[in-house]
Amino acid sequence: MAGEQEKNGITTWFWVVGWGALLWNLLGVMSYIMTVTMSPEVMAELPAAQRELMANTPAWATGAFAFAVFGGALGSLSLLLKRKIALPLFIVSFIGIVVQLYHSLFMSNSIEVYGPGGAVMPIMVLLFGIGLIWIARNAISKGWLK
């Protein structure tokens, strides 16, 4: 059960969330790597509006993407290793998410390119970021992280 305590006092849900968070963030890392290493041939296969959107993404927005996904992956790994450094890593990730979201929703035409559904994933990522910060703070307050 989700509320069951293990020998070390950590509930089962903590491990489920931790592994889920690591998988989620590793998918983000994979997406980042695929984005920044996209070949001209693959880029040419994208619709013109997507190519233009990607070509006009500033380096600071791409950097924020990197902070978001790598911070989240390292934070998730730290959470599973029961380390308090998970919290500042999740905060760095969250800052990256906010910066990237700001660019995506307010400085680019991504909603025009992807439609209203294009806002769903960034908002979901933002909510996950908030949730991971809350989980890390909760785990620290319960003494689960050292």
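K82 is partly exposed, with a relative accessible area of 27%, where partly exposed covers the range between buried (under 20% relative accessible area) and exposed (over 50%), computed with a 1.4 Å probe on protein chains only. K82 sits in the loop between α4 and α5, and its phi is near 60 degrees, a positive value in a residue other than glycine. The model is a predicted one, in which local features need pLDDT of at least 70 and side-chain atom pairs count only at pLDDT 80 or more, while totals for chains, interfaces and linings use all residues. Residues are numbered from 1 along each chain as its sequence is written, and side-chain values use heavy atoms, with hydrogens and water left out.

**Overall fold**

- The chain has seven helices and zero strands, with helices (H or I, at least four residues) and strands (E, at least two) taken as DSSP runs numbered from the N terminus.
- Along the principal axes, the C-alpha atoms of the chain fill a box of roughly 55 × 25 × 25 Å, and 36% of the 146 residues count as buried.
- Among the contacts in the chain with a separation of 6 or more, 71% come from residues 24 or more positions apart, contact meaning heavy atoms within 4.5 Å.

**The largest pocket**

- The volume of the largest pocket is about 1,300 Å³, a volume being the space filled by probe spheres set on grid points that are joined across faces, edges and corners.
- A pocket, on a 1 Å grid over the protein atoms alone and with a 1.4 Å probe, is an open set of points with protein on both sides within 12 Å along at least five of seven lines, and its lining residues have an atom within 4 Å of a point.
- The lining consists of 41 residues, of which S31, T35, F65, Q100 and P122 lie nearest the centre of the pocket; the elements giving two or more residues to this lining are α1 (12-36), α3 (48-55), α4 (59-80), α5 (86-107), α6 (110-114) and α7 (120-141).
- Helix α5 gives the most to the lining, with nine residues.
- By class, the lining holds 26 nonpolar, 15 polar and no charged residues, where Ala, Val, Leu, Ile, Met, Phe, Trp, Tyr, Cys and Pro count as nonpolar, Asp, Glu, Lys and Arg as charged, and the others, Gly among them, as polar.

**Nonpolar cores**

- The largest nonpolar core has 17 residues, and those with the most contacts inside it are F14, L79 and F90; such a core is a set of buried Ala, Val, Leu, Ile, Met, Phe, Trp, Tyr and Cys residues joined through side-chain atoms within 4.5 Å.
- Helices α1, α4, α5 and α7 are the elements that give two or more residues to this core, and α7 gives the most, with five residues.
- When its neighbours within four places in sequence are left aside, F90 is in contact with G72, G75, S76, L79, L132, I133 and A136.

- A73, found in helix α4, is buried at a relative accessible area of 9%, and its contacts, leaving aside neighbours within four places in sequence, are L22, N25, L26 and V29.
- A73 and G28 are 45 residues apart in sequence, while their C-alpha atoms are 8.3 Å apart in space.
- N25, in helix α1, is buried with a relative accessible area of 7%, and, not counting residues up to four places away in sequence, N25 touches A68, V69, G72, A73, S76 and L132.

**Aromatic pairs**

- The structure holds eight aromatic pairs, in which rings of Phe, Tyr and Trp (its six-membered ring) have centres within 6.5 Å, planes under 30 degrees apart counting as stacked, over 60 as edge-to-face and the rest as tilted.
- The ring centres of W13 and F14 are 6.5 Å apart and their planes lie at 70 degrees, so this pair is edge-to-face; W13 is partly exposed at 23% relative accessibility, whereas F14 is buried at 1%.
- W24 and F128 form a tilted pair, 4.4 Å centre to centre with 55 degrees between the planes, and this pair links distant parts of the chain, with W24 in helix α1 and F128 in helix α7, 104 residues apart.
- Both partners count as partly exposed, W24 with a relative accessible area of 25% and F128 at 37% relative accessibility.
- Ring pairs also link W13, F14, W15 and W144 into a cluster.
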